[in-house]
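Subject: The structure I promised you

Hi,

Here is the structure for you to look at.

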Amino acid sequence: MLELKHLSKTYRTGDQALTDIGFTVPAGQVVGLIGPSGAGKSTLIRCINRLVEPSRGSVVLGDTELTTLRDRALRKARRRIGMIFQEYALVERLTVMENVLSGRLGYVAGWRSFLRRFNREDIALAFSLLEKVGLAEHYNKRADALSGGQRQRVGIARALEQNPELLLVDEPTASLDPKTSRQIMRLIQTVCRERNLPAIINIHDVMLAQQFSDRIIGLRAGEVVFDGKPEELTDDV
Ligand code: ADP
Ligand code: ADP
């Protein structure tokens with residue numbers, strides 16, 4: 001479970017990106033975070049894993065208050081959060097399998113020397129995840145030989161290899177065509193349901209958000225202007 005309480009962010013430039021955000025995401029719930037450009041969606045996602053420092057408020061994951069953690073404790077806590085990015089953030093010259101295994105090391109990794117640390121069980125898990133996302137036969141291909149949709153599947157498998165308690169997903173379909181976008185959203189929804197994993201997906205495409213989320217949170221100028229079921233969403237959000 002993830003709980004945000006009175007979360008606010010004012011950037012040094014004076015931009016107030018978030019104002020007093022509070023909500024709880026229970027296990028297994030997929031939240032589609034929508035809102036116009038500049039609404040604060042990326043800031044919200046980044047405040048949760050502290051890529052951006054919140055100005056006020058708290059973020060609680062399970063029983064851990066994330067906002068006060070430092071250094072090693074923060075790095076450890078971040079490993080409990082799976083990240084999926086718009087531009088996939090794969091290591092291009094590494095193979096699909098190596099990219100997935102790098103999920104274990106935190107999300108910036110990819111040195112071959114590190115990969116020697118993995119045992120048979122890690123590799124078996126990575127392989128089963130690649131089967132799950134439909135890429136098992138491509139395990140030994142370099143990331144730069146894949147299509148956009150395939151890359152994002154690797155990104156999903158890598159996030160799951162961490163065995164995360166939460167998925168944070170930042171515009172996962174922004175670089176994909178409509179059909180592939182739907183496949184990727186469906187896959188994220190499926191894995192969250194199967195693993196009872198909560199997720200927050202920053203997605204500007206409202207139709208996709210409605211189709212593949214359990215709950216929609218609408219932001220505007222840093223405030224929550226809608227929080228409800230996808231089918232309850234009206235045009236003025
Ligand atoms: P969204 O993801 O919904 O497009 P953002 O979180 O990127 O919104 O931006 C919210 C507000 O914060 C905007 O006014 C934006 O200009 C501002 N902002 C975002 N990042 C920074 C930054 N690094 N420094 C200063 N202002 C920022
Ligand atoms: P997507 O919409 O998933 O990004 P693309 O239009 O990029 O798909 O690719 C369509 C097909 O071409 C895919 O089946 C993919 O396997 C193949 N493909 C794309 N880029 C490459 C590449 N650099 N090397 C080999 N095959 C590729």
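Some ground rules before the details. This is a predicted model, where local features need pLDDT of at least 70 and side-chain atom pairs count only at pLDDT 80 or more, while totals for chains, interfaces and linings use all residues. Residues are numbered from 1 along each chain as its sequence is written, chains are lettered from A and ligands numbered from 1 in the order in which they are written, and side-chain values use heavy atoms, with hydrogens and water left out.

**Ligand 1**

The shell around ligand 1 (residues with a heavy atom within 4 Å of it) includes Tyr11, Asp15 and the run Pro36, Ser37, Gly38, Ala39, Gly40, Lys41, Ser42 and Thr43. Helix H1 (residues 41–48) gives the largest share of that shell, three residues; helices here are DSSP runs of H or I with at least four residues, strands are E runs of at least two, and both are numbered from the N terminus.

Which polar contacts (pairs of N or O atoms within 3.5 Å) turn up with ligand 1? A polar side-chain atom of Thr43 sits 2.5 Å from one of the ligand's oxygen atoms, and one of Lys41 is 2.9 Å from an oxygen atom of ligand 1. Gly40 uses a polar backbone atom, 3.0 Å from a ligand oxygen. On its own, ligand 1 exposes 560 Å², and the protein buries 63% of that (Shrake-Rupley areas, 1.4 Å probe).

**The sheet**

Four strands form an open sheet in the order E2-E1-E4-E5, with antiparallel pairing (two strands pair if DSSP finds at least two bridges between them). E2 (16–25) and E5 (64–65) are at the edges with a single partner strand each, so one side of each has no neighbour in the sheet. E1 (residues 2–10) and E4 (residues 56–61) are joined by five bridges, and Leu2 has Leu61 in E4 as its bridge partner. H1 packs on this sheet, touching E1, E2 and E4 (contact means heavy atoms within 4.5 Å).

**Ligand 2**

Around ligand 2 you'll find Asp144, Ala145, Ser147, Gly148, Gly149, Gln150, Asp177 and Thr180. Helix H6 (residues 148–161) supplies the largest share, three residues. Polar backbone atoms of Gly148 and Gly149 each lie 2.8 Å from an oxygen atom of the ligand. The protein covers 41% of the 550 Å² of accessible area that ligand 2 has on its own.

Cheers

Note on methods:
A polar contact is a pair of N or O atoms within 3.5 Å; within protein, one must be able to donate a hydrogen and the other to accept it, and residues adjacent in sequence count only if both atoms are side-chain atoms. Axes are lines fitted to C-alpha atoms, for helices over the stretch in contact, and angles run from 0 to 180 degrees between N-to-C directions.
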